Amino acid sequence: VTHSIPACIGSMTMNSKQLDNESPVSIFAVNKCYVTVQDGTFFDGSGFAALVREGYKVRSDVNITLEFRTTAVHGVLLGVSSAKVDAIGLEIVHGKVLFHVNNGAGRITATYEPRGTNNLCDGKWHKLQANKSKHGISLIIDGNLVHTDNPYIQSTSADTNNPIYVGGYPADVKQNCLTSKSSFHGCLRNLVFTKGQHTELFDFSRAFDLRGVFPHSCPGAEH
């Protein structure tokens with residue numbers, strides 16, 4: 001077993017003596033347990049989670065689904081890039097959700113802008129689906145669809161080979177399809193990438209790098 005347990009542990013005794021977990025000698029990637037907790041992973045706005053160390057290949061088609069909850073109007077949701085220009089990116093900018101794709105010929109963006117009193121940064125859960133095909137990209141948020149055609153008909157594949165960075169990315173890592181450098185502050189859950197018949201649900205506790213991210217521990221809804 002190479003990853004930590006996603007759980008809360010309390011009232012531990014050894015040889016009938018209660019261990020003091022309030023003032024440990026050292027601590028790493030351990031957060032407080034919340035009185036009210038929800039399914040999800042908490043991002044404290046300072047870091048990121050890095051998944052798929054060997055690199056994720058987006059290529060021509062991918063469908064991404066996730067749920068998010070935040071009160072911040074800016075924040076990186078995820079990015080997958082390459083050393084060249086090919087990349088995809090999902091981000092919240094000024095309370096809008098942007099899905100960017102570059103298949104090598106130029107950036108294409110689908111923008112979801114909430115209408116009227118609808119607010120995506122209200123601390124409630126919102127469902128997001130981002131779909132990339134050869135000839136276009138689409139965003140579906142809480143059932144509302146935005147679609148953008150790919151004007152570069154000869155360029156249909158995002159040839160990425162870098163890890164999936166979720167909630168932010170390191171300062172020395174290039175992201176060709178993200179405009180924001182702000183790390184996400186809030187909770188994410190149910191991150192799924194689907195390619196054809198292959199569906200992958202990502203477990204944040206198995207990320208190869210976690211900074212400011214607390215898997216399976218989302219504080220109860222903010223009031």
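## Salt bridges, spaces and surface spots

Q: Is E67 buried or exposed?
A: In this predicted model, E67 has a relative accessibility of 12%. The cut-off for buried is under 20%, so on that 12% E67 counts as buried.

Q: How many residues apart are R189 and E67?
A: R189 sits in strand β14, while E67 belongs to strand β5 (residues 62–70). The pair links distant parts of the chain, with a separation of 122 residues.

Q: Why does R189 count as partly exposed?
A: Partly exposed covers the range between the buried limit (under 20%) and the exposed limit (over 50%). R189 falls in that range because its relative accessibility is 22%.

Q: How many salt bridges does a search of the whole structure find?
A: The search of the whole structure gives a count of 3.

Q: Is R206 buried or exposed?
A: R206 has 56% relative accessibility, and the cut-off is over 50%. So R206 counts as exposed.

Q: Which strand gives the most to the lining of the largest cavity?
A: The search of the whole structure turns up 1 cavity of 30 Å³ or more, and the space in the largest cavity is about 30 Å³. Its lining is made of L66, L78, V166, L188, R189, L191 and F204. With 3 residues (the strand runs over 185–195), the top contributor is β14.

Q: How many residues of the lining of the largest cavity are charged?
A: The lining has 6 nonpolar residues and no polar ones. R189 is on the lining list, and Arg counts as charged. The charged count is 1.

Q: How much space lies in the second largest pocket?
A: Among the residues lining this pocket are D39, T41, R189, D203 and H216, and β14 gives the most, with 4 residues. The lining divides into 5 nonpolar, 4 polar and 3 charged residues. The space inside is about 180 Å³.

Q: What is the area of the nonpolar surface patch made by I5, I9, M12, M14 and L19?
A: I9, one of its members, lies in the segment before β1 (13–14). I9 counts as exposed because its relative accessibility is 53%. The patch has an area of about 510 Å².

Q: How far apart are the C-alpha atoms of S133 and Q197?
A: S133 is placed in the loop between β10 (126–132) and β11 (136–141), and at 25% relative accessibility S133 counts as partly exposed. Along the chain, S133 and Q197 are 64 residues apart. Between their C-alpha atoms, the separation is 15 Å.

Note on methods
Residues are numbered from 1 along each chain as its sequence is written. This is a predicted model: local features need pLDDT of at least 70, side-chain atom pairs count only at pLDDT 80 or more; totals for chains, interfaces and linings use all residues. Side-chain values use heavy atoms; hydrogens and water are left out. Patches are made of residues with over 30% relative accessible area and no salt bridge: like charges are joined within 9 Å, nonpolar side chains (Val, Leu, Ile, Met, Phe, Trp, Tyr) within 5 Å. Accessible areas come from the Shrake-Rupley method with a 1.4 Å probe; for residues, only the protein chains shown count as cover. A salt bridge is a side-chain nitrogen of Lys or Arg within 4 Å of a carboxyl oxygen of Asp or Glu. Helices (H or I, at least four residues) and strands (E, at least two) are DSSP runs, numbered from the N terminus. Buried means under 20% relative accessible area, exposed over 50%, partly exposed in between (1.4 Å probe, protein chains only). On a 1 Å grid over the protein atoms alone, a cavity is a set of points where a 1.4 Å probe fits but cannot get out, and a pocket is an open set with protein on both sides within 12 Å along at least five of seven lines; lining residues have an atom within 4 Å of a point. Grid points are joined across faces, edges and corners, and a volume is the space filled by probe spheres set on the points.
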